[in-house]
Amino acid sequence: MQTLKPPVIVDILIETPTITTEAFFSIGFIVESDIAPRTFEITKLSQLLDLGFARVSMTYNVAYSVLSQKKMERVIFRSKRSEESYIEAYEADDNSSFYYISIEDKNIDNVLEFNDHISPDTNKLQFFSTTEDVSSLIGDRRLVYFYQDRFTGLDIPPYYSDGIKDYWQWDDLDITDWDNGDKLLLERQDMSVEDAQTRKSIYPETAWIGYCGWFFPSRVQWLHKHLNNVDSKKYKQIPDLATSHGITLFSSTATQGSGTTCQGVPINIQVSLDWLVYAISKRLWNILYRTETKINATRGGLDILEAGLLEVLNLCITENIFSDFRIISRSVDRRTGKASFKFSATLVHSILGVDKVEGKIYH
């Protein structure tokens, strides 16, 4: 729980907001494409077809993984050009409309390089999935690790057609028997809607986000959730710091494992605290810069700012982020015109299991 010491630090130093309220209910995914718009938003799958993406594409699979959970209603895609790094693609456009983020590359070196770039930002939380046990490489990172022993959604053979006969599988090594040396021009065919929407998720972390990221951060814990179109099996062991989707008691399927970031912080608490930093920053910023009259460097000025802070902290009680809080200190430096506040609070944790149930039976 190292990130909780201290739990919240808010430095209001920016002229332009770096995130929106809606971002905490949205996912951004960086996809490799040289032809798609730099940034595009999807609320229905037909929009991808209009942009030239096939149903067999990873982009379609990601969008369906999110939208098929019937919770989150949009996916924001960022296009990475072939000559760019993921960091360059990320910095190429505005990132204020999403909080959850994942990238197409599953190579752990590229995942960690990207994480090094964005992890100081409390306005983003990166998720990734892999078939490898990389727990020794990711400790103490602001990162969420989804483990799966294989991705069956990747096992899709290419289908080609001569435009006359049915689909033919082409091995790209030799002319098939039916071609008879005519060397017909074969065109790759897309998947059917049914095939595409029964294909398992290649990025199960996006399905997980699509389900849990739709709720207010403190209203959902990320374990014990059933995800649509995600592979599952009975795991004997899940890597340290990882979460997976497996067969549980009574043959149900649900997310199981750590349910934490790689720093050991429960995901709902990490998201809640990130939201808190945003909410305090936004509320105090609005008081300082949208109030027509000035805020004096006096006790009365501190009262005005404290009232704004209390609005957010009381909402944290209502939304079960905190069970209680108190203002420890407040001060204003008249020379610099800077005010500061300190508070302490008690976090509300989730019940994740039941150890014992006892009862008596009477005749």
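Start with helix α7 and select its buried residues: Pro204, Glu205, Thr206, Ala207, Trp208, Ile209, Gly210, Tyr211 and Cys212. The helix is mostly covered, with nine of its nine residues buried. Buried here stands for under 20% relative accessible area, exposed for over 50%, and partly exposed for what lies in between (1.4 Å probe, protein chains only). Helices (H or I, at least four residues) and strands (E, at least two) are DSSP runs, numbered from the N terminus.

Two notes before moving on. This is a predicted model, in which local features need pLDDT of at least 70 and side-chain atom pairs count only at pLDDT 80 or more, while totals for chains, interfaces and linings use all residues. Residues are numbered from 1 along each chain as its sequence is written, and side-chain values use heavy atoms, with hydrogens and water left out.

Next, select His224, which lies in the loop between α7 and β10. His224 is not a glycine, yet has a positive phi of about 65 degrees. His224 counts as partly exposed because its relative accessibility is 44%.

Then select Leu241, in the loop between α7 and β10. Leu241 is not a glycine either, and its phi is positive, about 70 degrees. With a relative accessible area of 24%, Leu241 is partly exposed.

**Aromatic pairs**

A pair of aromatic rings is described by the distance of the centres and the angle of the planes. Rings of Phe, Tyr and Trp (its six-membered ring) pair if their centres lie within 6.5 Å; planes under 30 degrees apart count as stacked, over 60 as edge-to-face and the rest as tilted. By this rule there are 21 aromatic pairs.

Select Tyr99 and Tyr100, an edge-to-face pair with 4.9 Å centre to centre and 85 degrees between the planes. Both Tyr99 and Tyr100 are buried.

Now select Phe216 and Trp275. Their rings also form an edge-to-face pair, at 5.0 Å centre to centre and 75 degrees between the planes. Phe216 is in the loop between α7 (204-212) and β10 (242-247) and Trp275 is in helix α8 (residues 267-290), so the pair ties together parts that are 59 residues apart in sequence. Phe216 counts as buried at 18% relative accessibility, and Trp275 is buried with a relative accessible area of 8%.

**Salt bridges**

Side chains of opposite charge can pair when their charged atoms come close. The rule used for a salt bridge is a side-chain nitrogen of Lys or Arg within 4 Å of a carboxyl oxygen of Asp or Glu. Over the whole structure, the search finds 12 salt bridges.

Select Asp274 and Arg142, whose side chains meet in a salt bridge of 2.4 Å, N to O. Asp274 lies in helix α8 and Arg142 in the loop between α5 (135-138) and β6 (143-147), so this pair ties together parts that are 132 residues apart in sequence. Asp274 is buried, at a relative accessible area of 2%; Arg142 counts as buried at 9% relative accessibility.

Move to Lys233 and Asp149, a salt bridge of 2.8 Å, N to O. Distant parts of the chain are linked here: Lys233 is in the loop between α7 and β10, Asp149 in the loop between β6 and β7 (159-161), 84 residues apart. Lys233 is partly exposed, with a relative accessible area of 35%, and Asp149 counts as partly exposed at 30% relative accessibility.

Asp333 and Arg335 come next, with their closest N and O atoms 3.7 Å apart in a salt bridge. Asp333 is partly exposed, with a relative accessible area of 29%, whereas Arg335 is exposed at 72%. Then select Asp303, Glu306 and Arg330, which salt bridges with shared partners join into one network.

**Last stop**

Which strand holds Glu32? Glu32 is in strand β1 (residues 27-32), and counts as partly exposed at 42% relative accessibility.
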